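Please read it alongside the sequence and the coordinates.

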Amino acid sequence: MAKGDDTVRKKKNKALRKKLNRKTDSSTVSARIASIIASKKRRKAGKRRICQGMCFSLPTPDDPFNDRLDKMVISKRETKKIVPSELDQKMPTNKKDAVPKKGSVLEHDMKVDSLVAMMDLKDEQKKLVTLINNVGQTRHMNPGRMQIQLGGKKIGVHGHQEQACESARCPSKYLILCLKAIEDALHYDGTYNCEEGKSLFVNTWGVEFWRCYSVGKDILETSGSSSDVEQIAWIASTASDAISRREKEGLSFTSPFLLFLVPSKEKALKVRSLCKPLKAVGIHTVSLHPGASIDHQISGLQSCEPEFLVSTPERLLELASLKAIDISGVSMLVIDGMESLSRAGYLNTIKSIRQAISANPHTLVFNDSFSNASIPAVQNLLTGLVYRLSLNNSVASQSASIIQSIYVCSSKEEKMMKGIHALDDATCNQMIPQPLKVLYIVGKDNNVQKLVSAVKLKGYSISISSSLNIMEFENSLHSGIRGRHTVSIIATEHISSTDLGEYGVVILPDFVLSIDDYVHILARMARQTVNGVLHSFLTEDDAQHAGPLIEILEQCRQAVPEALRNLCHVVHPC
């Protein structure tokens with residue numbers, strides 16, 4: 001009869017106990033071996049450490065049974081968890097062109113987290129998050145003073161808090177992957193040498209652009225130059241990220257998502273070459289320019305549905321008139337080199353292209369000049385609220401698209417009359433969809449009571465700073481019927497404490513005491529419009545300001561009135 005498992009187990013255990021007893025018997029082993037065996041038993045009875053799974057703490061004479069370990073409070077290191085976006089779990093997979101070869105870094109079946117680990121993007125993400133936080137604090141939330149460069153000198157002006165970019169979210173991992181693909185392609189071609197801290201991931205302009213695009217405002221780039229490699233990379237990556245997000249929401253596109261208008265064939269090829277690495281993630285780019293036959297381009301457009309379209313204005317309008325391309329659903333419009341396009345005579349063409357877009361696209365305009373020639377075209381394109389984007393702190397950059405109107409008057413009565421006329425022009429301008437807010441900045445010597453009477457006689461409501469001494473008008477101001485438009489009046493000493501960004505029209509009936517105050521007003525006014533106007537009125541008493549004022553006008557490439565030059569000769573005769 002076979003023995004059961006229990007019987008076999010008991011027999012083995014009994015033999016094992018006998019064997020152990022023989023080893024620990026002092027009569028069979030020496031004292032040294034017996035002490036080693038006892039020490040081993042005590043060590044096995046110890047507590048495990050939390051840091052090493054197979055290590056044991058040894059008992060001590062003070063704590064022979066390791067009781068103190070049970071009373072120890074072991075603090076674990078807290079790791080900061082980064083919560084990924086719901087849209088960043090996988091790459092888009094609904095495009096035919098979006099399927100790369102097996103084993104590719106951008107394989108769509110792989111999770112984005114794995115891709116980030118493979119490409120070692122953790123350090124770059126940390127730099128990017130730090131840069132985003134710094135940009136938000138230093139450029140938007142800093143109530144301190146910034147520096148405006150004027151002729152080699154730095155003039156401090158008071159910053160103001162802007163509410164345009166309040167998004168606390170960081171760029172998605174998909175956007176970072178697109179930047180990585182473009183940067184790797186540039187390194188492979190040898191056309192881009194990434195220095196320390198100069199990676200595309202931590203480009204200050206790109207982070208600033210992403211923040212502006214996230215809040216949905218149109219953007220005016222006022223650096224005074226065309227787009228460069230870093231800017232194009234961030235624009236393309238941001239547009240790719242927007243496409244990915246919308247596709248995950250179930251939306252489809254029948255028209256190109258991004259339309260990039262350029263002034264020449266060379267620029268079109270440059271933009272397309274930078275967008276070409278994004279084809280691995282399903283973003284196809286087509287360039288249209290007069291360098292290729294129109295039949296070849298028509299057949300190419302029929303064989304594909306590009307997400308990005310880079311074109312010169314005249315060739316795009318020609319193809320659109322032939323029904324070869326539909327641009328009615330464009331969601332993002334970039335116009336690169338407005339001044340160059342203006343000189344080439346493309347302003348009417350651009351206007352026709354904008355009218356052919358039935359949607360309301362995000363518009364980005366690169367104004368590659370500070371002259372007044374392209375201002376009407378910019379005003380025609382950017383009709384709503386805009387965000388001025390520039391990392392150039394020069395006075396010409398900060399005051400781009402703001403018209404400086406200088407008047408030389410013979411008397412104070414003439415200054416007041418022309419100031420009222422400028423007010424009427426600002427409020428009755430039919431080209432502006434919404435009336436601009438108007439601000440009068442008056443000096444101590446100005447007859448404020450007379451100015452208030454003249455403005456009220458025109459039917460305007462008035463908002464007056466409490467520091468102005470016009471108590472006899474207080475009752476009539478508060479009890480009077482509200483006029484057609486509200487005009488604000490402040491004293492010159494309150495320039496630095498006033499938020500000038502909300503005012504599109506600023507009138508100086510008496511010129512400010514210093515040219516620094518003029519630069520401060522010019523650089524901080526009209527931050528959300530491209531229709532800003534600064535009216536200044538001078539007499540012979542202000543002749544000492546004529547020379548610096550001419551320098552500012554020339555630096556901003558604006559016309560210098562002949563009367564102002566004559567006023568300058570009063571102080572510096574030839």
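**Notes on the predicted model**

1. Ile232 counts as buried, with a relative accessibility of 1% (buried means under 20% relative accessible area, exposed over 50%, partly exposed in between, with a 1.4 Å probe and protein chains only). Ile232 belongs to helix H7; helices (H or I, at least four residues) and strands (E, at least two) are DSSP runs, numbered from the N terminus. Leaving aside neighbours within four places in sequence, Ile232 is in contact with Ser227, Phe260, Lys267, Val271 and Leu274, where contact means heavy atoms within 4.5 Å. The C-alpha atoms of Ile232 and Arg272 are 9.8 Å apart, and the two residues are separated by 40 residues along the chain.

2. On the basis of these values: this is a predicted model, in which local features need pLDDT of at least 70 and side-chain atom pairs count only at pLDDT 80 or more, while totals for chains, interfaces and linings use all residues. Residues are numbered from 1 along each chain as its sequence is written, and side-chain values use heavy atoms, with hydrogens and water left out.

3. The chain has 574 residues, of which 47% count as buried. Its secondary structure comes to 20 helices and 15 strands. Among contacts between residues at least 6 apart in sequence, 73% join residues at least 24 apart. The accessible surface is about 30,700 Å², and carbon and sulfur atoms account for 51% of that area (Shrake-Rupley method with a 1.4 Å probe; for residues, only the protein chains shown count as cover).

4. An open sheet is formed by 7 strands with parallel pairing, in the order E5-E6-E4-E7-E8-E3-E9; two strands pair if DSSP finds at least two bridges between them. E5 and strand E9 (386-389) are the edge strands, each pairing on one side only. On average, neighbouring strands of this sheet are turned by 15 degrees against each other, direction ignored. Strand E3 (residues 218-221) runs parallel to E9 and is joined to E9 by 4 bridges. Ile219 has Tyr387 in E9 as its bridge partner.

5. Helix H7 (residues 229-248) lies across E3, E4, E6, E7 and strand E8 (362-366), at about 145 degrees to E6. Axes here are lines fitted to C-alpha atoms, for helices over the stretch in contact, and angles run from 0 to 180 degrees between N-to-C directions.

6. Which residues of H10 are buried? They include Pro313, Arg315, Leu316 and Leu319. Seen down the axis of H10, the buried residues fall within an arc of 165 degrees, so they line one face of the helix; the arc is that of the directions from the helix axis to the C-beta atoms. Their cover includes strand E4 (258-261), strand E5 (285-288), strand E6 (308-311), helix H9 (294-302), helix H11 (338-343) and helix H12 (347-356).

7. Just after H10, Lys323 takes a positive phi of about 60 degrees. Lys323 is in the loop between helix H10 (313-321) and strand E7 (332-336) and is exposed, with a relative accessible area of 75%. Arg557, in the loop between helix H19 (546-555) and helix H20 (562-571), also has a positive phi near 60 degrees. Most residues other than glycine have a negative phi.

8. Ser342 lies in helix H11. Is Ser342 buried or exposed? At 17% relative accessibility, Ser342 counts as buried. Leaving aside neighbours within four places in sequence, Ser342 is in contact with Leu347 and Ala373.
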